[in-house]
Amino acid sequence: MNKKSVLVTGSSRGIGRACAIAFAKAGYHVFINCRQNIALLHSLQDEILSCGGTCTLLPGDVGDPSQVKSMFCQIEKETGGIDILVNNAGIAWFGLLTDMTDEDWSSLLQTNLSSVFYCCRAAIPHMVSVKCGRIINISSMWGTAGASCEAAYSATKSGIHGLTLAKELAPSNIQVNAIACGVIDTEMNARLNEEERAALAEEIPSGRFSSPEEVAELVLLLCSSPSYMTGQIIGMDGGFI
């Protein structure tokens, strides 16, 4: 396969779905992944094929190292390895820290942070061997500033910032950056009613939520940015922080 390839984790909806479609339209072969919403993943596959793109379904839990290993075995059979890794898989948890169970914490940590570690560990050897690659971590502004009733979520996103491995990988011509997203209009914010959405939009200097497609546009830009741009936590929050 002569096409460049990309793995987008958590790509059944939201930012991940928008990224997968954007990469497909840009001529990449896209490995699409989710843990549960397999029907949505098939729907995404249909959309990619309808626009002339190519993709491979990789259902699996990227918070499970054995499943990540299996996914990358399939990637290696098809393409030898990926050129770009977009670590997007993530879940939210809202509430008082004292109300959080051990199971809640473990699930949040595995999905949001351990998945980044497992996927990076699996993707890096090929990138190092060809002396080229890009890793983009989808994070949050709350990983920088922290948020009330989202302290555990914020901690996982801060961990992602620490896992932006630019200094380790720059000698191998691999660029690693993170996007600290603000309020994005995805299902993760579906808990907000119209009044709460309006109040939150007023707090954002830009006066609105961002769309997943805007984040995908920045992800694509980072894939063609100068190689000297690495190790950055790029805020995309409408001026919120």
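Trainee: Where does helix H4 bend, and what does "bend" refer to here?
Mentor: H4 bends at Ser 114, by about 45°. The bend at a residue is the angle between two axes, one fitted to the seven residues ending there and one to the seven starting there. This is a predicted model, in which local features need pLDDT of at least 70 and side-chain atom pairs count only at pLDDT 80 or more, while totals for chains, interfaces and linings use all residues. Residues are numbered from 1 along each chain as its sequence is written, and side-chain values use heavy atoms, with hydrogens and water left out.

Trainee: What makes the span of H4 agree with its residue count?
Mentor: Helices are DSSP runs of H or I with at least four residues, strands are runs of E with at least two, and both are numbered from the N terminus. The expected span is 1.5 Å times one less than the number of residues. H4 has 29 residues (102-130), so it should span 42 Å; its end C-alpha atoms are 41 Å apart, which agrees. After H4 comes Lys 131, with a positive phi near 55°.

Trainee: Which residues make the contact between H3 and H4?
Mentor: H3 (residues 65-79) packs against H4 at about 30°, with the axes 10 Å apart; these axes are lines fitted to C-alpha atoms over the stretch in contact, and angles run from 0 to 180 degrees between N-to-C directions. Pro 65, Val 68 and Phe 72 of H3 meet Tyr 118, Cys 119, Arg 121, Ala 122 and Ala 123 of H4, where contact means heavy atoms within 4.5 Å.

Trainee: Why is Ala 122 called partly exposed?
Mentor: Buried means under 20% relative accessible area with a 1.4 Å probe and protein chains only, exposed means over 50%, and partly exposed lies in between. Ala 122 is at 23%, so it counts as partly exposed.

Trainee: Why is the pair of Phe 23 and Tyr 28 called edge-to-face?
Mentor: Rings of Phe, Tyr and Trp (its six-membered ring) pair if their centres lie within 6.5 Å; planes under 30 degrees apart are stacked, over 60 edge-to-face and the rest tilted. Here the centres are 5.0 Å apart and the planes are at 85°, so the pair is edge-to-face.

Trainee: How do you know whether Phe 23 and Tyr 28 are buried or exposed?
Mentor: Phe 23 has 1% relative accessibility, so it counts as buried. Tyr 28 has 13% and is therefore buried.

Trainee: What makes Trp 142 and Phe 240 an edge-to-face pair?
Mentor: Their centres are 5.8 Å apart, with 85° between the planes. Trp 142 is in helix H5 (residues 142-145) and Phe 240 in the segment after strand S7 (233-236), 98 residues apart.
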